[in-house]
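Dear colleague,

Please read them with the model open beside you.

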Amino acid sequence: MGLFGLGKAPAKPLRLIAHEADDLPAISALVQDAALRVGDIAYDPTGRHLTLRMNCFCHEAGGAMPLRAPSVLRISDVTAIKRRGIDLTQTQGALSLLDISAEALEAPAFALTLRFAGGTDKDIRLEVECLDVLLLDLAAPRSAKSTPLHEL
């Protein structure tokens with residue numbers, strides 16, 4: 001029997017790359033409701049990349065058993081970073097990533113905004129020399145303790 005006794009073979013780990021603005025909505029949809037801690041956010045000024053280690057909620061799985069996949073989101077060619085409403089000293093603070101949006105600057109540069117749950121002022125804004133975003137699953141999905149709830 002396959003993964004989680006469902007009779008299916010395990011899916012290949014996800015690996016998506018966005019080099020154009022049209023590529024980003026797919027990655028944004030897949031990271032919606034990703035759970036992480038503040039300490040799982042790392043910025044490397046020498047390498048000019050921001051990395052988020054997170055557990056992505058598998059909305060596409062449907063069904064009765066909620067799943068999360070351990071994943072990494074890496075944004076490269078970062079030239080500036082600003083955060084709002086996120087205290088980097090609180091490394092155990094829980095975050096839930098809602099979406100990623102892109103605003104074109106002087107070509108080929110972009111401003112990317114990573115918006116987190118918990119109010120309108122919880123985000124990270126990055127200026128990037130060019131669009132280079134990688135979403136990579138680190139392992140197969142595993143059962144999640146809960147399903148994200150969205151209030152209207």
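**Strand pairing**

In this predicted model, strand 7 and strand 8 (residues 110-116) run antiparallel and are joined by seven bridges, with a hairpin of five residues leading from strand 7 to strand 8. Within this pairing, E103 has A111 in strand 8 as its bridge partner. Strand 7 (residues 94-104) also runs antiparallel to strand 2 (residues 34-37), to which four bridges join it, and there R37 stands opposite A94.

**Nonpolar core**

The largest nonpolar core has 29 residues, and M54, L73 and L114 are those with the most contacts inside it. Among the elements that give two or more residues to this core are helix 1 (24-31), strand 4 (49-57), strand 5 (67-76), strand 7 and strand 8. Leaving aside neighbours within four places in sequence, L73 is in contact with residues including I27, M54, I100, L114 and V133.

**Salt bridges**

The count comes to six salt bridges. In one of them D40 pairs with R53, with the closest N and O atoms 3.0 Å apart; D40 lies in the loop between strand 2 and strand 3 (41-44), whereas R53 lies in strand 4. The side chains of R115 and D99 meet at 2.6 Å, N to O, and because R115 lies in strand 8 and D99 in strand 7, this pair ties together parts that are 16 residues apart in sequence. D99 is partly exposed, with a relative accessible area of 22%. Finally, salt bridges that share partners join R48, D77 and E129 into one network.

With best regards

Key
Residues are numbered from 1 along each chain as its sequence is written. This is a predicted model: local features need pLDDT of at least 70, side-chain atom pairs count only at pLDDT 80 or more; totals for chains, interfaces and linings use all residues. Side-chain values use heavy atoms; hydrogens and water are left out. Two strands pair if DSSP finds at least two bridges between them. A nonpolar core is a set of buried Ala, Val, Leu, Ile, Met, Phe, Trp, Tyr and Cys residues joined through side-chain atoms within 4.5 Å. Buried means under 20% relative accessible area, exposed over 50%, partly exposed in between (1.4 Å probe, protein chains only). Contact means heavy atoms within 4.5 Å. A salt bridge is a side-chain nitrogen of Lys or Arg within 4 Å of a carboxyl oxygen of Asp or Glu.
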